[in-house]
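Let's take a walk through this fold, strand by strand and ring by ring. Keep the viewer open and follow along.

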Amino acid sequence: MNNRDFGNKGEDLACEYLVKNGYEIIERNRHFSKLCEIDIIAKFKNRVVFVEVKTRRTNSFGTPLEAITGTKYNNIKTGVLSYLQENKIKNYQIDVIGITLEPELKIEHLKNI
């Protein structure tokens, strides 16, 4: 499985998790620039939620959430601000979902980071 397929598998799991928890998926893999892609754009109640997903097979080299650097977060914010301006949205949040596949499936959801 190549990196793109692996990332898509993680995003599929994240979408399933979000839908089970009352979110509506609006869009996936929205590109804003060469450096900025929002993995999942969802709606929860009256709020638009931008979700970054990180997936790891194991935690041997760190947890998925540790992979979100300051640079990555700034790129996400750039995309979010573009989306907010294009769509005139005021009520939003940025979430992160970390998925570890082995030894057992673990999903961590940090809200409104």
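Strand β3 (residues 47–56) is largely enclosed by the rest of the structure, because 8 of its 10 residues are buried. Buried here means under 20% relative accessible area, exposed means over 50%, and partly exposed is in between, using a 1.4 Å probe and protein chains only. Strands are DSSP E runs of at least two residues and helices are H or I runs of at least four, both numbered from the N terminus. Bear in mind that this is a predicted model, where local features need pLDDT of at least 70 and side-chain atom pairs count only at pLDDT 80 or more, while totals for chains, interfaces and linings use all residues. Residues are numbered from 1 along each chain as its sequence is written, and side-chain values use heavy atoms, with hydrogens and water left out.

Now for the neighbours of β3. Two strands pair if DSSP finds at least two bridges between them. Strand β2 (residues 37–44) runs antiparallel to β3, joined by 5 bridges; isoleucine 41, for instance, has phenylalanine 50 in β3 as its bridge partner. The two strands form a hairpin with 2 residues between them, and lysine 45 in the turn has a positive phi of about 55°. With strand β4 (residues 92–100), β3 pairs in the parallel sense over 9 bridges, and valine 53 stands opposite isoleucine 97 in β4. To get from β3 to β4 the chain passes through α2, in a right-handed β-α-β crossover: with the strands pointing away from you, the path from the first strand over the helix to the second runs clockwise.

Next, the rings. Rings of Phe, Tyr and Trp (its six-membered ring) pair if their centres lie within 6.5 Å; planes under 30 degrees apart count as stacked, over 60 as edge-to-face, and the rest as tilted. That gives 4 aromatic pairs. Phenylalanine 50 counts as buried because its relative accessibility is 0%, while tyrosine 92, at 33%, counts as partly exposed. Phe32, Phe50, Tyr83 and Tyr92 form one aromatic cluster.
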